[in-house]
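Let's take a look at charged side chains and how they pair up. Here is the structure to keep beside you as you read.

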Amino acid sequence: MAEELEDARIPDTPVRELSEYVGSYYDVVKDWHMEVWVREGKLYMCHQDDRKQFYHLEHYNHDTFTWLLTRDQTVRRGLFPVTKTEYYILAFGQGEDGKIDRVLWRHDPSVPEGVTFKRLSGSAFEQGLPLLSSKGKQNVLEAKG
């Protein structure tokens with residue numbers, strides 16, 4: 001899969017300041033979300049406020065990042081192996097003002113066009129707000145991880 005991703009990558013494309021991608025991104029129903037943050041000069045992502053299961057986002061091209069895990073990393077995390085490369089690609093998009101306002105993720109094979117997660121104004125992490133986990137329990141997370 002790593003070779004397939006590398007073969008399709010457009011090398012040497014510009015990347016924005018990583019802080020421009022930081023935020024809380026929600027699906028249309030707002031029952032699933034991802035948080036994106038910068039720590040020590042690297043971009044990270046987690047789902048449903050679970051910072052124990054975070055992923056390093058590597059620049060792929062333009063406003064697109066990958067978070068491909070090795071099989072060993074997948075097993076250590078107790079995750080089901082996914083063999084579709086598009087699952088590991090996050091394509092950020094911009095609004096008319098040129099600012100990042102959404103991310104497209106093709107994580108569900110039944111939705112081949114992917115699901116767009118819209119950015120809410122300001123990150124809950126950035127604001128130091130208490131967040132609700134997927135189990136409905138309050139989970140206070142530090143903005144800097």
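What follows is a short tour of the salt bridges in this model.

First, keep in mind that this is a predicted model. Side chains of opposite charge can pair when their charged atoms come close. In this structure, the count comes to three salt bridges. Here they are, side by side:

| Pair | Closest N to O |
|---|---|
| Arg-16 and Asp-63 | 3.0 Å |
| Asp-101 and Arg-102 | 2.6 Å |

Put together, Arg-16, Glu-20 and Asp-63 are linked in a network of salt bridges.

So where do these partners sit, buried or exposed? Arg-16 has a relative accessible area of 19%, and it counts as buried because the cut-off for that is under 20%. Asp-63 is buried along with Arg-16. Glu-20, on the other hand, is partly exposed, at 32%.

What does the Arg-16 and Asp-63 pair tie together? Arg-16 lies in the loop between α1 (2-8) and β1 (23-26), while Asp-63 lies in the loop between β4 (54-61) and β5 (64-66). The pair therefore ties together parts that are 47 residues apart in sequence.

Now for the remaining pair. Asp-101 and Arg-102 form a salt bridge with their closest N and O atoms 2.6 Å apart. Asp-101 is partly exposed, with a relative accessible area of 28%, and Arg-102 is partly exposed too, at 30%.

Technical notes: Residues are numbered from 1 along each chain as its sequence is written. This is a predicted model: local features need pLDDT of at least 70, side-chain atom pairs count only at pLDDT 80 or more; totals for chains, interfaces and linings use all residues. Side-chain values use heavy atoms; hydrogens and water are left out. A salt bridge is a side-chain nitrogen of Lys or Arg within 4 Å of a carboxyl oxygen of Asp or Glu. Buried means under 20% relative accessible area, exposed over 50%, partly exposed in between (1.4 Å probe, protein chains only). Helices (H or I, at least four residues) and strands (E, at least two) are DSSP runs, numbered from the N terminus.
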